[in-house]
Amino acid sequence: MAEKTARPLSVSFARAASRVAIRRAENYQADLSGLLFETLRELDPPVRGKTVLLKPNFVGLDALGVINTHPAVVGAAREAFLRLGARSVMVGDGPALERDSEAIVETLRLRDHIGGKLTETFIDLNVDDVRRVPLRTRASALKELYLPETVLRADFVVSMPKLKTHHWAGVTLSLKNMFGIVPGNCYGWPKNILHWAGITRALLDINSTVRPDFAIVDGIVGMEGNGPIQGTPKRCGVLVAGDDAVAVDATCARIMALVPERIDYLAQAAYLLGHIKEEKICQLGEAIATVRTPFEVLKSFARLRENR
Amino acid sequence: MAGGPQLPDAAKNSPPGNSFLEKQCLPFLTSAQNPNGGWGYRPGSQSSVEPTSWALLALAGAARSAALEKAIQRGAGWLRETQLRDGSWPAYAGQREGCWVTALGCLALHTLGVAPEAVANGVAWLCEEWPGEGGFWWRLRHRLFSRTTEIRQNYYFRGWSWSPGTSSWVEPTSYALIVLRNARGLSLPRRATLRVRLGEGMLYDRMCPAGGWNCGNPLVYGVAGEPQVGPTAWALLALQDHRERTENQRSLDWLAHEYEQIRGPGSLALAHICLEVHGRPTPPLEPALERLYLTNEFFHHVPVVAWAGVALSPAQPWLQWAPREVA
């Protein structure tokens, strides 16, 4: 049985450059399956014969898909990983604020995009079986967490966030999306223990313990301002994907005209979890400058802007 | 059920023709019980306090049979074994720290009329377990360092948290208030009255401006939070002693208005229970549940099936009580 905790941590100078692809996608009616399949084929993630878990950011009952990762992107990713030879591709999330996951996936019409019976393809991580896992780093005082078996057993975990600003963390992308694996049945709705441990520190501990193997960010329509729920929709027209969640998030921040090094958790994640510097990220597809779309942030995060 | 009082009379009469309860909910719950007596969130998964408590409450409210009686006994036995020495319950057996499910464990055992000592210990733990916010030093630090535009809350009022030492939230506070209201026959700790007052105050403080509750963030950066069905139903059940307050009525109006839009069977069952307890008219529940069951079979989610069972059973005393005389 593969264990997510087995993936080694390494300091930044010891790592090879990361690869991040930026693809234009004007809307959710575009051929996202084809686009993601071509992107994944180029990045060549090692998923043949593996069990893949897609971890979208499902937050609440929002049929328009502005606060949630759009189900069309989730469906396209599932199809692409299956075409690449994955043995199975499950979709799982543990929404932080809304207990009724069935209502969320039905409001989103997830079934229309991922096919088959939802009971066989979607798992509510909030109520999955759990196992005690010692955290691999001690950034926070948490030391250990109970985490879902489905996540711990998956061979390959893909973080699939929405491109959004966040009123407490600055931005919420691939790393922050991993908060959703912490189960509500142990820690509640919201998973307030993570806030008390410090968002930045808890993020580092979770991502060092269960490292996402890959990230795909839904930036076709993102959210700016008072995200992750009450912000304003922001059309950006991109999908961003890569095998290094830190590099993917840093690239997304640059697309949003924010400085990744000024985002606390991202700057700290760069020590052990991935690359933040542009020269260490091999950019595929579109150049950042051609898709750059400045996002509004709350006053308290004005320091994140490029021109400050 | 050795030594314990009998189940409430209302539970002995399942309404005729309540086929979804008898054909789906009860068989599902009895077959989903683990060999150790507990229930997991899904059939075959690890026994856990929350699904076990809801399953027991649903079975307790249904028609009696020898098989159900035996399932209840085994479930109650697992709950008693799982309780920690300090009186709390952890989410799962083997975990070392109690949490929000303590209120549910107390509620289930008390409703079944078993293990009064275990219930009293659990209630005592609830009365001594304060959330992390609101103490003198916390308030001082908050006043000095926090960005005051983020959240508007009155930290004098404190309820219950999901995890020890963290903030008060609507659902765990509602569960604890329901237990304390039900446990009045027991000799409650001296702090119980204060905790009820502060907990009720906290719920009203966290109500969304237009009525209803979400997890407990009514206003962030000046923007009103959207209410949610589950937290609204639990808060209204916990605040039954104040039925005439405009906040309750406004929240009931929101819930009644939302009812037809509900997509999840768990939320639907909770909304139905709440509206019935408050005497608000509701459309027949059974056809709606049957329709939703065909969609995803409730994701085989034990608490959701249990809530559906409770909603389809006659009103149960733990959910509905005579109004308290408020001084």
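## Terms and Basis

A residue is called buried when its relative accessible area is under 20%, exposed when over 50%, and partly exposed in between (1.4 Å probe, protein chains only). Helices (H or I, at least four residues) and strands (E, at least two) are DSSP runs, numbered from the N terminus.

The model is predicted, and its local features need pLDDT of at least 70. Residues are numbered from 1 along each chain as its sequence is written.

## An Enclosed Helix in Chain B

Helix α13 of chain B spans residues 302-312, and eleven of its eleven residues are buried, so the helix is largely enclosed by the rest of the structure. Among these buried residues are B:V302, B:W307 and B:L312. The elements that cover them include α1 (19-32), α2 (49-61), α9 (229-238), α11 (265-277) and α12 (285-296) of chain B, where contact means heavy atoms within 4.5 Å.

## Parallel Strands in Chain A

In chain A, strand β2 (residues 51-56) and strand β3 (residues 88-93) run parallel and are joined by four bridges; strands pair if DSSP finds at least two bridges between them. A:L53 has A:M90 in β3(A) as its bridge partner.

Strand β3(A) is also joined by three bridges to strand β4 (residues 122-124) of chain A, again in parallel. Here A:D93 stands opposite A:D124 in β4(A).

## An Exposed Residue in Chain B

B:F145 belongs to helix α6 (residues 136-145) of chain B. With a relative accessible area of 65%, B:F145 is exposed.

Notes. Chains lettered and ligands numbered in written order. Predicted model: local features only at pLDDT ≥ 70, side-chain atom pairs only at ≥ 80, totals over all residues. Heavy atoms only, no water.
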